Amino acid sequence: MRSVNPTDAPNRTGGLATLGRRLVVSEYFVILLAALLFVVLWPIVPRIASPQNLANLASNVWPLLAIAVGQTLVLIVAGIDLSQIAVVALTSVVGGAVMTQAANPVLFEQTPLWGVLLSEGGGILSGSPLAVPVALVVMLGVGALIGLFNGSLIAFARVPPFIMTLVSLSFFSSFAVFLTRAENISNLPSAFTVLGQGEILPFVSFAALVSLSLALSIGFLLSRTVFGRWVYAVGQNPRAATISGVPRARVVVAVYTLSALCATVGGVLYSARLGLGRPGFGQGFDLLLDVIGATVIGGTSLFGGQGKILWTVFGVILFVLLTNALNLLNLSYFTVNIVKGSFILAAALLDVARRRLLVTM
Amino acid sequence: MTASQIPLLEVEGLTKSFFGVRAVSEVGFGISAGRLLGVVGENGAGKSTLMNMLGGVVPPDAGTMVVSGRPYAPRRPKDAKEAGIAFIHQELNLFTNLSIAENLFIDAYPRLGGLPFIHRADLRRRAKRALGAIGLNVPVTTRVEALAPGERQLVEIAKAVNAEARLIIFDEPTTSLTHRETERLFTLLETLKGEGTAIIYISHILADVLRLADEVMVLRDGALVERGPRPTFDTRRLISLMVGRDLAQLYPPPAAPQDAAVEPVLETEGLTQPGTIQDISFRLHRGETLGVFGLMGSGRSELARILFGLDRYRTGRLTLRGQPVDHLTPQEAIARGVAFVTENRREEGLLMDASITENMSLVTLHEDARGSLGVIQQRDLEGRVACLGGELRLKAPDYAHPVRTLSGGNQQKVVLGKWLAAKPDVLIIDEPTRGIDVGAKYEVYNLVRELAARGTGVLFISSELEELIGMCDRLLVMQNGEIVGEFGSPFDREAILAAAFREAV
């Protein structure tokens, strides 16, 4: 008798242990932890609850959430997408080049874009009322192509996701830098920057609206549609899923494409907030650490098959709050990253422990 | 057992509960040197728990064990080993990336003097001797991953013999063995007995138990229901003791005899994939149960995978429901009414961590979804699954529980259920009753009968000839990727076996 009826499991432990276990397995564990962190920090760093800081916290949540939603999908199919930050960088640069209203020849004359997309008068659609919508479409198109490229090679050529997206990260982030010779493209139209800076109501920004709608739609797709069930099935057992008629390859391609599209939305929000087409998004690992860290801290399993958009929302909130608190405590950049790294390790260990609990329960 | 013999192992009042449920309840028995004790019982009858207590894997709650007159209370597997008890598990515990020799001495490498260096020459010499003792003629430097399942098991036995085990426990040793390997194992068991080793043999294959055992012990619901010398048992009696009631028959009776003129639902002509299957031609009719018998490696499972579109074929023609197909994929096979229960339930049949509902609805998701987005109507879906579960007599407290928590028999019902939902015209089942207990087997047979009565053509692949004879209208025999014979009722066992073993032996 190896397996025992699961309903009997809680009886063996005392009340406190049961409560602890239930809390760890609960989906609200992460948001409770965030609330606890906030309450504990309030007396120590009162500034954390100031209106400016709260607004700052919120504006940091939205772009990260958009990207992390895409990462969640990929983790559920037991993959990983390291190339998301390269998508952010490349779409930021390409979008900027299309819609900028002026470019400094001293900075851009030597770039491959000069004379093709860019001139002294700005991008090719500089000043046109279509500049912003076209730029957005182009950005989404570039993002989708990168996602298709990743997804197809992973699904059909069976390249392991880690190496495929690592190569994409290297390739496309370098390409973004190459396009502008590492210069930021500025003078973006205000119709674009309002997306990252504007508010509809106090505390309800465009960014919040965009990011939350994205999270809601992907959440709906995952939990309520046939496609969503397929995503989980492929993540749990690709062989059994294939035999049950799930189009595994198509699901994988779709997931990586959606991941890149989510990264593009994040790229739009980041670029609009800074008012820059910035190739530097793909450099360094800060953003990548934030995306994967927030998703994993939310509870989406690194082993595939388990994860929810709601968890990622909680994970992003906790992670942004943590980063904010560490900055307010005046810790150095290095210390902040060491603490963040430790949190992610703790989350990964919890993931392993949770799996063991679920298996033995 | 003669009176003069001191029992090697004597057990009394052994009891173990998990979470308040009694898994083993006051079991007592004894075994002497050179005897073989067969242990049978349904899944969940307590066999594994009992053996785990003997092997020091779990401690008993109550009861005593005595080995050669001395009290024995193992707290870890190592204690069992020191007391001369070896446990050969269903899933073998070998390091596949290491050589046979290294596996044999993994916990006691011969050293060079007192130094921490391995004495390689001595290791090979001793390993060779150990393999010789059990008659395995393979170089000791072979990596275990290069061995067939039967050979791996022999390595495991060599390990036990080498550790001077006086009692060896076998848990379902023949599950992954070919017929020939099984015979070799049985010969070896006789040799071991002759050398004075006591053996506890656990198996679902009752014929094997009756053939090998000196004494048989039947467990049910954790308790010992009967124990006695082998001649007092036969298959029917064992089954009724195991399930606690009389099963009228091993196999449910077939529905009305089939009309020979009915249309074929699956037809192949000269289907060939070099190295796998060769020139396969047959017809499967509506409502017919067609058996495929063959040894492991005969191409029976490979054929099933090709018919379902999982693997390709080079030449030949495949017709489903009267329409020719090429470049079949699993999705297309399903769209054309084919269902496939694979031989690997855990690896290919189920999402082990997903719920019963999710598993049973996976194939037919679209039927409970609306709109171009495919929005799932959860209530419809759950209603349909509950309905199916009732039909299958699925025993589960809650359909939201992961299938991992179910017994093997109920897991198999979930696999069947997900295909039942698709109302298939062709059902391909590969070893559907492997590793499930007698009661669940009967229910699986019943479901096959029901489907056939509804007009499904069933391609029943199995390595158990008895089961095929009991269930099928016609039988194909495969060998080396080819169909070497076709048999109709009444079946001639000898002729079928002769066809399957021709050249192979």
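**A helix and its neighbour**

Guide: Helix 6 of chain A passes helix 7 of chain A in a right-handed crossing, a crossing being right-handed if the near helix is turned clockwise from the far one by less than a right angle, and left-handed if anticlockwise. The contact is made by Ile146(A), Asn150(A), Leu153(A) and Ile154(A) on helix 6 of chain A, and by Pro161(A), Met164(A), Thr165(A), Ser168(A) and Phe172(A) on helix 7 of chain A, where two residues are in contact if their C-beta atoms, placed from the backbone, lie within 7 Å.

This is a predicted model, in which local features need pLDDT of at least 70 and side-chain atom pairs count only at pLDDT 80 or more, while totals for chains, interfaces and linings use all residues. Residues are numbered from 1 along each chain as its sequence is written, and chains are lettered from A and ligands numbered from 1 in the order in which they are written.

Helix 6 (residues 131-155) and helix 7 (residues 161-180) of chain A pack at an angle of about 150 degrees, with their axes 10 Å apart. That makes helix 6 of chain A roughly antiparallel to helix 7 of chain A (angles over 145 degrees count as such).

Among the buried residues of helix 6 of chain A are Met139(A), Ile146(A), Asn150(A) and Ile154(A), buried meaning that 20 or more other C-beta atoms lie within 10 Å of a residue's own. The buried residues of helix 6 pack against helix 4 (84-99), helix 7, helix 8 (190-197) and helix 12 (248-274) of chain A.

Technical notes: Axes fitted to C-alpha atoms, helices over the stretch in contact; angles between N-to-C directions. Helix = DSSP H or I, 4+ residues; strand = E, 2+ residues; numbered from the N terminus. Parallel < 35°, antiparallel > 145°, perpendicular 65-115°, else oblique. Buried ≥ 20, exposed ≤ 12 C-beta atoms within 10 Å, placed from the backbone.
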